[in-house]
Amino acid sequence: MNNAQKRFMTTGYGGLPFGEFSQCEAGNIGVLGVPSEVDSGPRIGTSLAPDELRKMTGQLGTDLPANGRDLGNLDLSGDWSGVLMQLVTQMVDHDIVPVVLGGASDVASAVLRALPDLPVVAAMPLARRDLIERPANTIWVGLNGGQPADVWDQISQRTMAWRTARQLDEGHADTLDMPECAVLWIDISVIDLGHAAGAVGLNPGGMKPETLVSVIGAMSCSWQAIVITGLAPARDTRGMSELAAIETLNAALRNG
Amino acid sequence: MGDVAQTQFDSIPSFLGVPVGDLEDLVSGQVAMAGYFCDNLARPAAGQRYLARQLRYASRPGKAPANAIDLGDVNVFPLERDKHFSAVIAQSAAVLEIGARMVLVGGDSSGLKALGIAAQKVTGADVPVIPVTGGIAANLFHTQPVILSVDLQELAANWVSQPRRLTGLSPAQMIAQIDTTSGNVVAAAVFGLAPALDSRGSTETRAALAILQAVTDRLEKGAG
């Protein structure tokens, strides 16, 4: 663990005490920051997200609807994705919900590799091949029309459920068949940049932050792990993107 | 200097462009507007104390309420809690005893607490606080003295430069709520916004100013 931030912060995400995985009890959450950076493209800044989210929950006085520990940030030297997979597996085995604050999408990929058999609810603008190839169907939230044709074909062949941002705005989320338990992956790029500018992906016509919160909050699903990626806080001076991430996470924890 | 230049350079900034006055200038039925320069006593968030100054600078003469005056800022002692509250309560009570109505502008919600105690002292009974989001207001007699609490943190994220919540009221919704508040509104507090002091803050400043105008209009109306 890289615990340098503990020297500057007295409490962790949402007021949780900093601690170790062994201090978590069954039913708790374990918040883990994985400050990886996007490796290409003009929009970077995801490495700042975990600490900025902690800072903002402190400023807002956010009350989490769950107990647990903030485990600090993962040390990204060496085989960090292997360590992350191991940590996530251990937490899930002990009935602790890992809440992983990325980072770039490679953080979510590692989390999903650690839980290969669980279905995924993916809030993201573009469908990903690695998700389509998982054994359980993925539920797609906020897809735009920019997928390659073969990806659409696979989604269609496997009859995966998906909703566009517009459909969700029009209230089409309530018809989604939810699995009993799943992994929740929220890529902040699912939100329209006009509403919240702190995302690494450009997604015109994407979701409104409040729609994302209400859609995720309405899902009756037991989340086995939650991962947030694609947040670049420095690109959003108003803090709307962090606020959207925090409120969405809270909505998920309240229900799941 | 011509009249225009005099207007531009000589006038002291005041809330909504109303005349600046003192306690001696106040008469029964008037609305006394005062700045509340304290943001560290209840739900602290640095910067809320600047709202009064921001709204005075942003106010333009021309649409000033006819029956209101700007009393300046109430004296505050933010680092001495007891002294602070007794001072703010005494000043607020002095205004209410005249029969004037009072609006505290800016700061945190501690001003509301002081207003409540002052109103209780003057009326001899508990004066309910009606939040701008509604609630108990519907069942009040129109003569029941009430205090209106206008927490600008209830504004939706789109309207403020540093949002603390995604969902909430639009300024128009808030103004409509203020207008329909029942009871005899004897005092009000407009608080909870730390205005950005640059161009980003113009939207929230204009929204807060429109809300302050609505609060003043409602206070002038008295018993609704």
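Visitor: Which residue of β3(B) stands opposite Ala34(B)?

Guide: Leu104(B) in β3(B) stands opposite Ala34(B). Before we go on, please note that this is a predicted model, in which local features need pLDDT of at least 70, side-chain atom pairs count only at pLDDT 80 or more, and totals for chains, interfaces and linings use all residues. Residues are numbered from 1 along each chain as its sequence is written, while chains are lettered from A and ligands numbered from 1 in the order in which they are written.

Visitor: What makes the β-α-β crossover from β1(B) to β2(B) right-handed?

Guide: Picture the strands pointing away from you: a crossover is right-handed if the path from the first strand over the helix to the second runs clockwise. Here the chain passes from β1(B) through helix α2 (residues 51-58) of chain B to β2(B), and this crossover is right-handed.

Visitor: Why is strand β1 of chain B called mostly covered?

Guide: A residue is buried if 20 or more other C-beta atoms lie within 10 Å of its own, exposed if 12 or fewer, and partly exposed in between, with C-beta atoms placed from the backbone. In β1 (residues 31-35) of chain B, five of its five residues are buried. Val31(B), Met33(B) and Gly35(B) point one way and Ala32(B) and Ala34(B) the other way, and all are buried.

Visitor: How many helices and strands does chain B have?

Guide: Chain B has six helices and six strands. Helices (H or I, at least four residues) and strands (E, at least two) are DSSP runs, numbered from the N terminus. Their order is α-β-α-β-α-β-α-β-β-α-β-α.

Visitor: What makes chain B as compact as a globular protein of that length?

Guide: The globule rule is 2.2 Å times the number of residues to the power 0.38, and the radius of gyration is taken over C-alpha atoms. For 224 residues the rule gives 17 Å, and chain B has 16 Å, so it is as compact as a globular protein of that length.

Visitor: Why is helix α3 of chain A called largely enclosed?

Guide: Seven of the 10 residues of α3 (residues 105-114) of chain A are buried, so the rest of the structure largely encloses this helix. Val107(A), Val111(A) and Leu112(A) are among them. Elements that the buried residues of α3(A) pack against include β1 (29-34) and α2 (80-93) of chain A.

Visitor: How many residues of chain B are in contact with chain A?

Guide: Two residues are in contact if their C-beta atoms, placed from the backbone, lie within 7 Å. Seven residues of chain B are in contact with 10 residues of chain A.

Visitor: Where in chain B is confidence lowest, and where is it highest?

Guide: pLDDT is the predictor's confidence in each residue, from 0 to 100. Helix α1 (residues 3-10) of chain B is lowest, at a mean of 59, and strand β3 (residues 101-105) of chain B is highest, at 98. The mean for chain B is 90, and 93% of its residues reach 70 or more.

Definitions and conventions
Pairing = 2+ DSSP bridges.
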